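Subject: Structure handover and notes

Dear colleague,

Please find below the structure that I am passing on to you, followed by my notes on what turned up in it. I would be glad if you read the notes with the model open beside them.

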Amino acid sequence: MTKPVVLIAEELSPATVEALGPDFEIRSCDGSDRSQLLAAIVDADAILIRSATKVDAEALAAARSLKVVARAGVGLDNVDVKAATQAGVMVVNAPTSNIVSAAELAIALLLASARNVPQAGSALREGQWKRSQYSGAELYEKTVGVVGLGRIGMLVAERLSAFGMKVIAFDPYVSSVRAGQLGVRLVALDDLLAESDFITVHLPRTPETLGLIGDAELHKVKPTVQIINAARGGIVDEKALYDAIVDGRVAGAGLDVYSKEPCTDSPLFGLDSVVATPHLGASTAEAQERAGVSVARSVRLALAGELVPDAVNVSGGVIDTDVRPGIPLTEKLGRVFTAIAAGVPVQLDVEVRGEIAALDVSVLQLAALKGLFLDVVEEQVTYVNAPALAKDRGIEVRLVKDPNCPEFRNMITLRGTLADGTHLSVSGTLTGPKQIAKLVGIDGLDLEVPIADHLLVLRYTDRPGVIGVLGRLLGAAGANIAAMQVGRDVEGGEAVSVLTLDTAVGAGVIEQIAGEIGATSARLVELSD
């Protein structure tokens with residue numbers, strides 16, 4: 001059996017390859033070499049990168065089998081997430097791998113700026129003893145303003161509190177209660193600028209945050225302030241910062257990131273009061289190993305067809321262990337729905353009933369959509385692009401939850417309206433210690449039959465002799481019936497039969513069956529891959 005191909009396009013820790021395990025064919029290339037990348041990515045199922053490899057629309061178009069792009073780090077500036085989503089390619093990163101390293105570097109820059117550590121060291125190596133010139137400032141009882149109280153900002157706040165600093169923060173998305181638990185006072189940005197002796201930035205780079213601290217803001221700070229940016233370049237306007245330091249309105253800065261990288265010629269580097277490093281936030285052995293191992297695990301999950309909590313272009317997040325078994329069941333129900341309907345609905349309700357309704361079951365909506373399109377579109381269908389496929393076709397989708405489920409512990413129903421105005425519903429559940437997937441209802445008619453690779457679904461008016469006809473015709477076709485169940489509303493009324501077959505049967509056999517029993521609908525549902 002051919003192993004999936006995992007392409008490692010940049011140097012990663014040995015632990016990354018170890019975490020991938022023996023189930024993949026591991027290949028390597030220099031992702032910064034464009035021609036080499038485009039040639040190597042053609043038949044890759046997954047690609048692992050850092051920051052030097054650009055996975056854009058061109059690279060994605062060249063990749064015929066790609067299912068996941070894994071960035072061993074936090075930022076995704078070098079990945080075209082939109083193009084990946086349209087192609088059904090999952091994008092994952094390691095959002096928590098470097099948070100400790102980044103927080104520690106921010107504090108290192110703050111301390112180095114406060115005490116002029118690199119400048120004094122450089123002078124000493126040049127034979128100059130400049131004790132008086134490089135006197136600094138204590139952190140104790142000073143005020144530090146944290147711009148962005150996310151995971152890294154919180155770590156920085158916790159650590160600086162231990163220095164005896166007063167910590168204030170600006171973050172419109174954090175509650176005052178949560179900030180209070182950390183001993184942090186939330187303030188408006190203008191108040192933070194005015195009060196802070198040190199300002200440290202911990203925000204993502206977005207259109208809203210680009211230039212957040214610019215010329216106007218740097219006219220509101222204390223002249224003794226030190227500004228630290230170890231987050232993303234461009235959040236602090238570098239030209240405005242240079243002018244403010246030269247004019248004496250800002251005492252100094254500690255910078256690890258720049259608006260354009262690599263950066264080796266910024267005017268800021270010529271200022272003695274600026275401490276600068278070349279984007280070292282994640283550059284620790286521990287962070288690199290955590291990032292590589294994290295995305296390796298994500299690749300394993302993605303190539304196994306499972307959802308990945310760290311996927312940036314798939315909604316859902318962490319999946320509860322009680323919800324996880326329902327994912328393949330719901331996907332199969334989606335495939336059963338489209339097979340019976342011979343198309344996709346214009347409106348679909350994904351109904352989740354029972355104990356799991358109290359949990360986050362949004363992943364089941366994704367699974368239903370994936371199953372819905374899996375057998376009816378030519379392109380690759382994944383958890384990533386299934387919502388876009390539904391949107392493109394104008395399908396309205398709702399997730400309905402109800403804790404009450406008298407029949408089973410949990411039950412999932414896909415209930416849809418078709419283009420001709422008719423309605424269809426299919427229901428399924430998992431039973432027993434082995435969590436066997438069963439089809440338990442079609443259009444409200446109760447039945448209970450295991451979901452197998454080959455399902456024959458028949459609708460007809462209930463009457464004697466139908467089972468005999470089915471046995472005779474399927475037997476003549478060499479198709480063995482593994483299980484069968486009939487659901488009906490009343491004797492002599494509408495009935496639905498579901499048969500699990502050991503092998504598929506041809507369209508001619510199905511037409512013959514439909515003719516002899518007077519079926520209004522006869523569909524073979526193929527769930528084998």
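Glycine 326 is found in helix α12, which covers residues 326–341; helices here are DSSP runs of H or I with at least four residues, strands are runs of E with at least two, and both are numbered from the N terminus. This is a predicted model, in which local features need pLDDT of at least 70 and side-chain atom pairs count only at pLDDT 80 or more, while totals for chains, interfaces and linings use all residues. Residues are numbered from 1 along each chain as its sequence is written, and side-chain values use heavy atoms, with hydrogens and water left out.

Glycine 326 has a relative accessible area of 6% and is therefore buried, where buried means under 20%, exposed over 50% and partly exposed in between, with a 1.4 Å probe and protein chains only. Leaving aside residues up to four places away in sequence, glycine 326 touches Leu364, Ile412 and Leu430, a contact being heavy atoms within 4.5 Å. The C-alpha atoms of glycine 326 and glycine 254 are separated by 50 Å, although the two residues are 72 apart along the chain.

Turning to charge pairs, the structure holds 24 salt bridges, each defined as a side-chain nitrogen of Lys or Arg within 4 Å of a carboxyl oxygen of Asp or Glu. In one of them, glutamate 351 pairs with arginine 415, with the closest N and O atoms 2.7 Å apart. This pair links distant parts of the chain, since glutamate 351 sits in strand β13 (residues 347–354) and arginine 415 in strand β15 (residues 410–417), 64 residues apart. Salt bridges that share partners join Glu351, Arg353, Asp402 and Arg415 into one network. Glutamate 351 counts as buried at 7% relative accessibility, whereas arginine 415 is partly exposed at 37%.

Another salt bridge joins the side chains of aspartate 45 and lysine 67 (2.9 Å, N to O). Aspartate 45 lies in the loop between α2 (34–40) and β3 (46–49) and lysine 67 in the loop between α3 (57–62) and β4 (68–71), so the pair ties together parts that are 22 residues apart in sequence. Aspartate 45 is buried at 12% relative accessibility, while lysine 67 is partly exposed at 31%.

The side chains of aspartate 23 and arginine 300 also meet in a salt bridge (3.0 Å, N to O).

The peptide bond from glutamate 261 to proline 262 is cis, with omega near -5°, and proline 262 is placed in the loop between β11 (252–255) and β12 (274–276). Glutamate 141, which is not a glycine, has a positive phi of about 65° and belongs to the loop between α6 (117–125) and β6 (143–147). Histidine 279 likewise has a positive phi, near 50°, and is found in the loop between β12 and α11 (285–303).

Threonine 277 lies in the loop between β12 and α11 too. With a relative accessible area of 17%, threonine 277 is buried, and beyond its sequence neighbours up to four places away it touches Leu105, Leu109, Leu255, Asp256 and Tyr258.

With kind regards
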